[in-house]
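Here is a short report on one protein chain. Take a look at the sequence and the fold first.

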Amino acid sequence: FLGRPSDLSPKARFKHLVLGYPLPFDRHDWTILRANGTEVRYVIDYYHDETRAKETQESAMPNMHDRNAVQSILVDVRPAIDSPQQIVDRAILMPYARHVTSTTNFQPLALQPTNDMKQQVNESLKVWDNIQKAVASGKKKVEKEATNIVVPKDDDDDDEPAPQISKKEAIALAKSFSSILKDCKELQKEMNDCKTDEECARVAMGLTVCMAKIVCPLQNASMVKSLHADYDETDVKATAEYNARINASLETVSDCVTGANHRTSLARKQHPNVFSKVDS
């Protein structure tokens with residue numbers, strides 16, 4: 001997962017400049033591991049349609065598994081054009097599955113904006129400008145407060161030896177890994193069984209958060225605090241700053257989980273006996 005609120009995707013730029021769509025208020029890039037072992041990056045643009053917003057208690061605390069709970073948030077989900085195969089998937093296979101074989105219920109976001117959406121372009125430009133300022137400010141703050149996070153080395157980078165994991169840390173990592181297998185089992189099953197791009201992105205986020213509760217409790221607590229922070233929803237700048245904080249929190253959690261997974265992998269190689277009971 002990578003939050004990119006200040007990066008406009010080529011499709012979002014085209015929809016805005018040519019078709020008159022408002023700008024998205026957020027963008028996420030998700031890398032999904034498909035059932036056949038292929039890694040595919042998906043781009044998700046998030047749009048807000050205030051005419052579809054509801055002022056009900058249910059909309060304030062939506063069910064994570066109810067895709068219709070927050071109707072004012074519209075998502076444009078598609079595989080990134082990282083290879084010729086992704087062009088085939090988007091231009092041929094998905095339309096064929098939708099219109100010919102009817103093997104999927106996935107409905108992409110309409111390419112043409114509604115009249116209501118066209119009326120919200122100016123507001124989206126203000127939000128976009130505030131997002132740029134908030135992200136720039138957030139980057140400076142993160143640089144000052146950043147902590148060292150272990151991330152996987154490139155396969156070709158052999159200049160430095162892999163960090164040595166003590167047996168004590170290996171035991172702690174093995175216990176955490178065992179807890180993940182137990183507590184996140186249902187989400188892992190959903191990840192293996194998900195069908196649509198939107199569903200897979202939602203489950204992947206849930207799985208990351210589930211793992212973070214175990215291996216990155218401090219970062220997870222910070223993210224939860226950010227999610228429940230109070231802000232004036234009618235204030236465009238406050239809303240943009242809130243979204244930027246959420247994105248920064250999600251990125252921190254994702255990086256922490258990645259680092260924990262890397263150290264777990266090293267610990268498994270250096271102390272295989274410690275993980276023998278977990279693997280059995």
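How many helices and strands does the chain have? The chain has 11 helices and 4 strands. The model is predicted.

**Overall figures**

| Property of the chain | Value |
|---|---|
| Residues counted as buried | 36% of 280 residues |
| Contacts joining residues at least 24 apart, among those between residues at least 6 apart in sequence | 68% |

**Nonpolar cores**

The largest nonpolar core has 35 residues. Which of them touch the most other members? They are I32, I131, C184, M191, L207, M211 and V257. Several elements each supply at least two residues of this core: β2, β3 (39-48), α5 (121-145), α7 (185-193), α8 (197-215) and α10 (236-270). Another core lies apart from it and holds 9 residues, among them A12, L23, L109 and M117.

Setting aside neighbours within four places in sequence, C184 is in contact with S179, L207, C210, M211 and I214. Of these partners, L207 and M211 are also listed with C184 among the core residues that touch the most other members.

**A surface patch**

In soluble globular proteins, nonpolar side chains tend to be buried together. Now for the surface. F14, L17 and V18 form a nonpolar patch there, with about 320 Å² of accessible area together. V18 sits in the loop between α1 (10-17) and β2 (26-33). Why does V18 count as exposed? Its relative accessibility is 54%, and the cut-off for exposed is over 50%.

Terms used
Residues are numbered from 1 along each chain as its sequence is written. This is a predicted model: local features need pLDDT of at least 70, side-chain atom pairs count only at pLDDT 80 or more; totals for chains, interfaces and linings use all residues. Side-chain values use heavy atoms; hydrogens and water are left out. Buried means under 20% relative accessible area, exposed over 50%, partly exposed in between (1.4 Å probe, protein chains only). Contact means heavy atoms within 4.5 Å. Patches are made of residues with over 30% relative accessible area and no salt bridge: like charges are joined within 9 Å, nonpolar side chains (Val, Leu, Ile, Met, Phe, Trp, Tyr) within 5 Å. Accessible areas come from the Shrake-Rupley method with a 1.4 Å probe; for residues, only the protein chains shown count as cover. A salt bridge is a side-chain nitrogen of Lys or Arg within 4 Å of a carboxyl oxygen of Asp or Glu. A nonpolar core is a set of buried Ala, Val, Leu, Ile, Met, Phe, Trp, Tyr and Cys residues joined through side-chain atoms within 4.5 Å.
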